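This report looks at a helix pair and a sheet. Please view the structure before reading on.

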Amino acid sequence: MSATLPASPEVKITETECFIGGEWVPAVSGKTFATINPATEQEIAQIAEGDQADVDAAAKAAHKAFESGPWSTMDARDRGKLMFALAQRMEDEIDDLARLETLDNGKPLGDSRNVDLPLAIDCLRYYAGYADKIHGSTIPIRGNHLCYTRREPVGVAGQIIPWNFPILMVAWKWGPALASGCTVVMKPAEQTPLTCLRLAQLAKEVGIPDGVINVVPGYGPTAGSALVKHPLVDKIAFTGEHRTAQIITRESADTLKRLTFELGGKSPNVIFADADMDAAVEGAYVGLFLNQGQCCCAGSRVFVEASRHDEFVEKLQKRTAQRKVGNPFADDTDQGPQVDQAQFDKILSYIEKGKQEGADCVAGGERVGDKGYFVAPTIFDNVRDDMAIATDEIFGPVLSVLTFDDKEDMIRRANNTFYGLAAAVWTRDISVAHDFAARVRAGTIWVNCYDVFDAAAPFGGFKMSGYGRELGEEGLKAYTENKTVTIAL
Ligand code: NAI
Ligand code: MG
């Protein structure tokens with residue numbers, strides 16, 4: 001492992017203001033905030049700090065575009081065409097967008113270029129293809145009536161996104177919103193506004209009409225909260241922490257907004273003794289360390305059947321020792337910095353808690369270097385279910401290994417969390433796999449794989465991991481209202 005001080009790459013920053021009604025404008029207050037390069041802790045750029053006044057202007061622009069703009073009267077197929085055009089522009093600019101993402105977020109350039117961007121482009125294309133395939137049904141009701149339903153856009157969608165997958169979260173949110181005919185006010189995370197702002201400019205350049213997409217950068221309790229309370233905003237789609245979702249639920253009560261939430265997790269990744277152990281080790285490694293451990297679905301509780309525990313830990317240690325932490329722009333880097341000081345401090349404090357509570361730290365356990373928010377990939381062995389590192393979402397490169405002997409007890413323990421986002425099982429026994437898939441209460445179950453995502457497959461949580469689903473047809477429906485029309489014949 002090494003962490004050389006990352007050189008600042010040549011990345012041009014062209015969009016730093018609010019994007020409202022198709023125009024780039026400073027915040028009404030004139031305020032700005034710094035976005036930081038997490039690898040160097042240095043400022044990249046000053047960004048307009050939007051708040052209530054800017055959100056109000058953006059909501060009005062989105063409302064106007066929805067009610068009377070060309071968006072509401074455009075043929076669905078033409079909406080789809082504009083979305084395909086945006087996806088194509090992203091593909092044309094994939095290298096620049098990847099560099100911008102890595103600069104702002106810290107994730108390795110290879111991940112931005114080969115994982116995040118292709119998934120984002122794929123998602124936009126998936127929903128672009130849906131634009132002209134959204135329709136209702138005819139229903140045989142009693143009497144001499146024609147009854148049919150229409151699927152209509154929900155209206156103005158307020159979208160609040162986090163910093164862990166900035167571009168991908170834009171695609172997950174804009175895709176279904178635009179396909180269904182909604183207009184959008186987005187608030188990107190204060191840590192990572194740059195790629196969202198750049199995508200707004202690309203949307204303008206490909207011809208998405210003014211006011212359809214609006215972006216207001218700023219902080220959660222100001223800009224985010226204003227969006228949640230705004231009477232012209234019909235829906236809030238939020239990804240982030242469950243505590244923030246609780247605030248949003250309360251603050252949206254007066255306007256009864258439609259809500260969809262993608263929140264955190266403490267996902268169990270369960271390895272049975274009959275598993276292909278090398279594949280399971282790789283699945284545990286990727287399932288937790290991907291994206292510096294900053295994944296809502298991170299496999300942060302790894303349960304291993306006791307008879308193969310020692311072999312598993314030894315192999316995982318070996319694999320983890322090869323992991324290169326450092327400059328996210330270097331070709332051979334596997335892991336970049338955490339996104340900011342707050343996340344860095346949170347992770348290190350959980351590592352301390354793990355040590356104090358008596359778990360065995362068998363890899364990592366400290367920061368890397370003395371500049372930038374780098375944390376060594378960390379493995380705790382002999383973790384008990386009640387330790388903080390086994391119950392709380394750490395959102396960093398900290399993996400907990402627990403053991404089990406009995407399947408029934410393991411399923412009870414896997415479910416013993418208030419989260420329910422994802423789970424995985426590694427076994428060659430098809431009955432065990434299906435039993436696990438049916439009984440573990442989580443929105444996604446992976447069998448002999450981890451982190452397999454596709455725009456067509458719904459994703460979301462049980463319990464405190466959220467409600468509603470993103471992606472797939474379910475994700476689209478969350479941006480529509482059903483209308484029933486009954487005609488006397
Ligand atoms: P957060 O939930 O505070 O931030 C996510 C987004 O919500 C940001 O755009 C933020 O500005 C906005 N926000 C914050 N407070 C708001 C409010 N009162 N009203 C409206 N919008 C608001 O998450 P944060 O503080 O960045 O991270 C804290 C923890 O949350 C992480 O350590 C991690 O455990 C979890 N998290 C989970 C994510 C996921 O993908 N499920 C993503 C990010 C964080
Ligand atoms: Mg927060």
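Which residue of β16 is the bridge partner of V302? The partner is V401. The model is a predicted one.

**The sheet**

Strand β13 (residues 301-305) and strand β16 (residues 398-404) run parallel and are joined by five bridges. Both belong to an open sheet of seven strands, ordered β14-β15-β16-β13-β12-β17-β18, with mixed pairing. The edges are taken by β14 (360-363) and β18 (444-447). Each of these two has a single partner strand, so one of its sides has no neighbour in the sheet. On average, neighbouring strands of the sheet are turned by 25 degrees against each other, direction ignored. Helix α12 (residues 341-356) packs on this sheet, where it touches β14, β15 (378-381) and β16. The direction of α12 makes about 25 degrees with that of β15.

**The helix pair**

A packed pair of helices is described by the angle between the two axes and the distance between them. Helix α4 (residues 94-105) packs with helix α7 (residues 194-206) at an angle of about 150 degrees, and their axes are 8 Å apart. Angles over 145 degrees count as roughly antiparallel, which means that α4 is roughly antiparallel to α7. The residues that make the contact are listed by helix below.

| Helix | Residues in the contact |
|---|---|
| α4 | L97, L100, E101 and D104 |
| α7 | L194, T195, R198, L199 and L202 |

By class, the contact of α4 with α7 has five nonpolar residues, one polar residue and three charged residues.

How values were computed:
Residues numbered from 1 in each chain as written. Chains lettered and ligands numbered in written order. Predicted model: local features only at pLDDT ≥ 70, side-chain atom pairs only at ≥ 80, totals over all residues. Heavy atoms only, no water. Axes fitted to C-alpha atoms, helices over the stretch in contact; angles between N-to-C directions. Helix = DSSP H or I, 4+ residues; strand = E, 2+ residues; numbered from the N terminus. Parallel < 35°, antiparallel > 145°, perpendicular 65-115°, else oblique. Contact = heavy atoms within 4.5 Å. Nonpolar A, V, L, I, M, F, W, Y, C, P; charged D, E, K, R; others polar. Pairing = 2+ DSSP bridges.
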